[in-house]
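Have the model open while you read.

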Amino acid sequence: MDREASEAMNRLAQTARITRIDVTQHQLVLDPPFPASWDSQPRRKFPATIVRVHDDAGRVGIGSGDAMYGFADYQHLFIGSDPLDLARHSAVLDNIGFHAGRPWPLDIALWDLAGKIRGQACWRMAGGRSNRIRAYASSGVHRRPDEMARMALHVVERGFPALKIRFGRPQLKDDLAVLAAVREAVGDRLELMVDCNQGWRMPWDTAAPWTFDEALAVARELEKHNVYWMEEPLHRGDYDGMARLRKAVSPALRMAGGEMTRERYEFDQLLARDCLDVFQPDVACSLGMEGLRKLAQAVEAHGKVFTPHTWGNGIGLAANLHLTAGAASAPFIEFPYDPPEWSTARRDFMLNSPIDIDSEGWITLSDAPGLGLSIDETILAATLGSSSTYG
């Protein structure tokens, strides 16, 4: 871009104002249902909240994530404001998150809009470290040992460097049998991670999380199979337990967590108490793009790994990809993938082209402004449930 064009863009950016925010709710019918390993009720619909932020030049930023409960009471804090004041918006959204539901889909949309105003990709805005990142396959279905072994071999063939297995079957011995079958099938061709899913519960799931002794016993089994990390082995607030567990196991078995941790002070406690090796906040659920950009710096300054949870749709995945490639040095990032029940087409139904890896497991981000996404308006119209417009 020449100097004259750059100056013109800067003048345009300086006068931009947010004119409207649209929030729409969508439901994709899942037939057959998706039997998520963390949910006792098979999912027959896949909900998606789409947030669009419009400016006075007709540009639109798009985000997605939680349902934006209670946002109507606070929308006036954004209408008429400068879309490029991302630090201010992040602070306001953090306050809203205390008073209402998680509002971070709006932060994603604001970053997408800011990128379009600036003519800059979000990964560059986040720090510009890299335009690509490798993905690990994240399974979501409880399968038999032989079925999981076949799934793992498929993951190898697709080019993924790692696979995450979900525990939570009726008996722990069944989980361990799956892990053993997968390790036997793939040998050292895949890094394996295990998600114990003890950090949070579905609303109707009242089972108590593991105790320290239970988690340590599982960790000893995972060590036998050279598991790369053990995810959410204890409740998310059990700082003392996580710190003890991390010290009790081999350094080769990393402790991971933080996907549902909400506020920065909680992450600071996890860092200060040396609870985790791997931090997994999701930009669509916690702190947003600006907040997690800063957190990634703090995590890596402590010698830890920052690599987000990404179990959402393609818009949330894209935001986490841009953030992590641009701001961190993650070895790989979560990629929800467990066909046929959980395919890229289902996950990214609102995109014209689902996000996918290359033959070696890499995802390369373009230099297109913002998140660089192309939205399928036809499917969004067909799945629309409700809508709200502010401004």
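Is Met242 buried or exposed? Met242 is buried, because its relative accessible area is 7% (buried means under 20%, exposed over 50%, partly exposed in between, with a 1.4 Å probe and protein chains only). Keep in mind that this is a predicted model: local features need pLDDT of at least 70 and side-chain atom pairs pLDDT 80 or more, while totals for chains, interfaces and linings use all residues. Numbering runs from 1 along each chain as its sequence is written, and side-chain values use heavy atoms, with hydrogens and water left out.

**Around Met242**
- Met242 belongs to helix H8, residues 239-248 (helices are DSSP runs of H or I, at least four residues, strands are E runs of at least two, and both are numbered from the N terminus).
- Leaving aside residues up to four places away in sequence, Met242 touches Leu234, His235, Arg236, Leu270, Cys275 and Leu276 (contact means heavy atoms within 4.5 Å).

**Pocket space**
- The largest pocket comes to about 1,200 Å³. On a 1 Å grid over the protein atoms alone, a pocket is an open set of points with protein on both sides within 12 Å along at least five of seven lines, and lining residues have an atom within 4 Å of a point. Points are joined across faces, edges and corners, and the volume is the space filled by probe spheres set on them.
- Its lining has 39 residues, and Arg43, Pro47, Asp66, Met260 and Trp311 lie nearest the centre.
- Strand S2 gives the most to that lining, with six residues.
- The second largest pocket has a volume of about 490 Å³, and among its 25 lining residues Gly168, Arg169, Gln198, Arg201 and Asp205 are the closest to its centre.

**Rings and charges**
- There are 17 aromatic pairs (rings of Phe, Tyr and Trp, the last by its six-membered ring, with centres within 6.5 Å; planes under 30 degrees apart are stacked, over 60 edge-to-face, the rest tilted).
- Phe34 and Trp311 are stacked, because their ring centres are 6.4 Å apart and their planes meet at 10°.
- That pair bridges 277 residues of chain, from Phe34 in strand S1 to Trp311 in the loop between strand S10 and helix H11.
- Both Phe34 and Trp311 are buried.
- The charged end of Arg132 sits over the Trp362 ring, 3.8 Å from its centre (the rule is NZ of Lys or CZ of Arg within 6 Å of the ring centre and within 35 degrees of the ring normal).
- Likewise, the charged end of Arg244 sits over the Phe212 ring, 3.7 Å from its centre.

Methods
On a 1 Å grid over the protein atoms alone, a cavity is a set of points where a 1.4 Å probe fits but cannot get out, and a pocket is an open set with protein on both sides within 12 Å along at least five of seven lines; lining residues have an atom within 4 Å of a point.
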